[in-house]
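Work through the exercises below with the sequence and the model open. Each task is followed by a stepwise solution.

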Amino acid sequence: MAGQGHSIRPLVAGNWKMNGLKGSLAEAVGVRDALAGPLASISADVMIAPPATLIAPLAEISAGSRLAVAAQDCHAKASGAHTGDVAAEMLKDAGAAAVILGHSERRADHGETNAEVKAKAAAAHRAGLIAIVCIGETQGERAAGATLKVVSRQLKNSLPEGATAANTVVAYEPVWAIGTGLTPTPADVEQVHAAIRRDLSEVTGAEGANIRILYGGSVKPDNATELMAIPNVNGALVGGASLKASDFLAILRAYEGR
Ligand SMILES: O=C[C@H](O)COP(=O)(O)O
């Protein structure tokens with residue numbers, strides 16, 4: 001539906017995080033093979049963000065298929081003395097098409113600020129990667145009635161100059177819904193995504209109407225269809241349910257034949 005983001009091609013991205021067995025190439029080959037046939041009938045872009053060690057091999061075995069590869073973080077600089085970090089340019093060279101930035105686990109575990117996320121998103125753009133910028137409120141912020149304020153502040157301070165529908169995706173992930181089996185009501189998701197859409201238009205102008213806004217947080221096969229039908233929900237960022245090919249595929253089926 002025009003104006004509600006439904007004319008936008010959706011994106012479903014699976015974030016494997018640092019889950020052990022997903023560090024094996026055999027596992028990646030299995031997922032690639034399980035998705036290969038079914039992806040033909042899915043009207044959405046599909047990505048997997050594996051642990052960093054698997055970016056290059058997964059990109060290599062997925063070349064020419066509809067499965068794209070994303071990274072889970074990058075450094076803001078292109079090179080330098082930054083032990084343990086990986087530049088966006090290096091991820092691009094390894095075959096990544098996108099990078100997840102500002103995930104709440106990185107904001108919590110590594111103290112990442114909006115300014116750092118913004119710098120990393122600018123680096124992603126510089127390298128030719130899609131920046132998937134994550135925002136979302138904590139349980140405490142939600143209980144305080146501050147969800148819209150928090151999400152708006154994160155969005156406006158995490159998006160770099162030059163964000164477009166081609167190089168930027170926003171992922172709304174309520175922190176309290178991640179890995180808990182809890183999800184906001186459809187009405188709550190609709191309200192937050194509508195507010196994000198308004199902010200995107202304010203910050204990026206005409207591009208804002210077409211930037212994809214993903215929902216993330218306990219997306220499962222049994223709630224995917226309902227969540228993905230909500231106005232301004234242009235796909236999903238899936239954690240736990242992306243670890244099992246059959247579950248991820250069941251979520252993708254929300255976009256079958258659309
Ligand atoms: O990046 C993915 C999110 O953190 C969602 O994780 P989840 O689907 O396990 O709740």
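**Exercise 1.** Does Ile-132 count as buried or exposed, and why?

*Solution.* Keep in mind that this is a predicted model.
Step 1: count the C-beta neighbours of Ile-132 inside 10 Å, which gives 29.
Step 2: apply the cut-off, under which a residue is buried if 20 or more other C-beta atoms lie within 10 Å of its own.
Step 3: Ile-132 therefore counts as buried.
Step 4: list its contacts, leaving out residues up to four places away in sequence. Ile-132 touches Ala-13, Ala-70, Ala-98, Val-99, Ile-100, Leu-101, Val-169 and Ala-171.

**Exercise 2.** Describe the packing of helix α7 against helix α8.

*Solution.* Step 1: two packed helices are described by the angle between their axes and the distance between the axes.
Step 1: the axes of α7 (residues 147–158) and α8 (residues 186–204) come within 10 Å and cross at roughly 35 degrees.
Step 2: the crossing is right-handed.
Step 3: α7 contributes Thr-147, Leu-148, Val-151, Ser-152, Leu-155 and Lys-156, while α8 contributes Val-192, Ala-195, Ile-196, Asp-199 and Val-203.
Step 4: sorted by type, the contact residues of α7 with α8 are seven nonpolar, two polar and two charged.

**Exercise 3.** Classify Pro-38 by its C-beta neighbours and locate it in the chain.

*Solution.* Step 1: Pro-38 is in the loop between α1 (25–36) and β2 (45–49).
Step 1: Pro-38 has 14 C-beta neighbours inside 10 Å, so Pro-38 counts as partly exposed.
Step 2: compare sequence with space. Pro-38 and Glu-256 are 218 residues apart in sequence, and their C-alpha atoms are 9.1 Å apart.

**Exercise 4.** Which residues come nearest to the ligand, and how does its shell divide by type?

*Solution.* Step 1: there are 14 residues around the ligand.
Step 1: Asn-15, Ile-178, Gly-179, Gly-239 and Gly-240 come nearest.
Step 2: the shell divides into five nonpolar, eight polar and one charged.

Technical notes: Residues numbered from 1 in each chain as written. Predicted model: local features only at pLDDT ≥ 70, side-chain atom pairs only at ≥ 80, totals over all residues. Near = placed C-beta within 6 Å. Nonpolar A, V, L, I, M, F, W, Y, C, P; charged D, E, K, R; others polar. Axes fitted to C-alpha atoms, helices over the stretch in contact; angles between N-to-C directions. Helix = DSSP H or I, 4+ residues; strand = E, 2+ residues; numbered from the N terminus. Left-handed = near helix turned anticlockwise from the far one by under 90°. Contact = placed C-beta atoms within 7 Å. Buried ≥ 20, exposed ≤ 12 C-beta atoms within 10 Å, placed from the backbone.
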